[in-house]
Amino acid sequence: MGAMMQRFKDWPNRLEAYLHARNNTPFEWGFHDCVVFACGAVEVLTGVQITLPIYADAKEAVVAIKAHGGLMMAVNKALPDRQVPPFNAQRGDIVLYMQGPWPTLGVCAGRVVFTPSEEGLRGVPLERAICAWRV
């Protein structure tokens, strides 16, 4: 599946609309968390639904992520052969960084990575990324 995924021709507009639509949506496990947000971005940009562990709370998240060998391993399985060095991440790519003890997924929007937070989308510097996947 990884090699067959292609972005829609109008992906920049789709990415902008996706980020705008979720900008003020507060974090909620299983509804608007980093995994749901990343999967949604892939689908909006490519039409492809990827599967990552979904969970309803922090406790379930730890169990589900461990069962998949960690969040990085889970994304590698969902986006095979698409991992790139984090400094090569481009707009629309999925990025992993650490938010305290939590591995966190975000969507690259240039030099900033957006991810859900209690206040809506939060931007963190791309320099915090520890890996990335081309979408």
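So, Thr115: at 0% relative accessibility, this one counts as buried. Keep in mind that we're looking at a predicted model. Thr115 sits in strand β4, residues 112-117.

Okay, salt bridges. How many turn up in a search of the whole structure? Four. Let me start with Asp93 and Arg7, whose side chains meet at 2.9 Å, N to O. Asp93 is in the loop between β1 and β2, and Arg7 is in the segment before α1, so this pair ties together parts 86 residues apart in sequence. Asp93 is buried, by the way, at a relative accessible area of 0%. Arg134 comes in here too: Arg7, Asp93 and Arg134 are linked in a salt-bridge network.

Next, Arg14 with Asp10, at 2.6 Å, N to O. Arg14 is partly exposed at 31%, and Asp10 is partly exposed at 35%.

Then there's Glu127 with Arg111, where the closest N and O atoms are 3.3 Å apart. Glu127 is in the loop between β5 and β6, while Arg111 is in the loop between β3 and β4, so those parts, 16 residues apart in sequence, get tied together. Glu127 counts as exposed, at 58% relative accessibility.

Last stop, the surface. Met72, Met98 and Ile130 form a nonpolar patch there, together about 240 Å² of accessible area. Met98 belongs to strand β2 and is partly exposed, with 35% relative accessible area.

How values were computed:
Residues numbered from 1 in each chain as written. Predicted model: local features only at pLDDT ≥ 70, side-chain atom pairs only at ≥ 80, totals over all residues. Heavy atoms only, no water. Patch = residues over 30% accessible without salt bridge, like charges linked within 9 Å, V, L, I, M, F, W, Y side chains within 5 Å. Areas by Shrake-Rupley, 256 points an atom, 1.4 Å probe, with all protein chains shown as cover. Helix = DSSP H or I, 4+ residues; strand = E, 2+ residues; numbered from the N terminus. Buried < 20%, exposed > 50% of the residue type's maximum accessible area, 1.4 Å probe, protein only.
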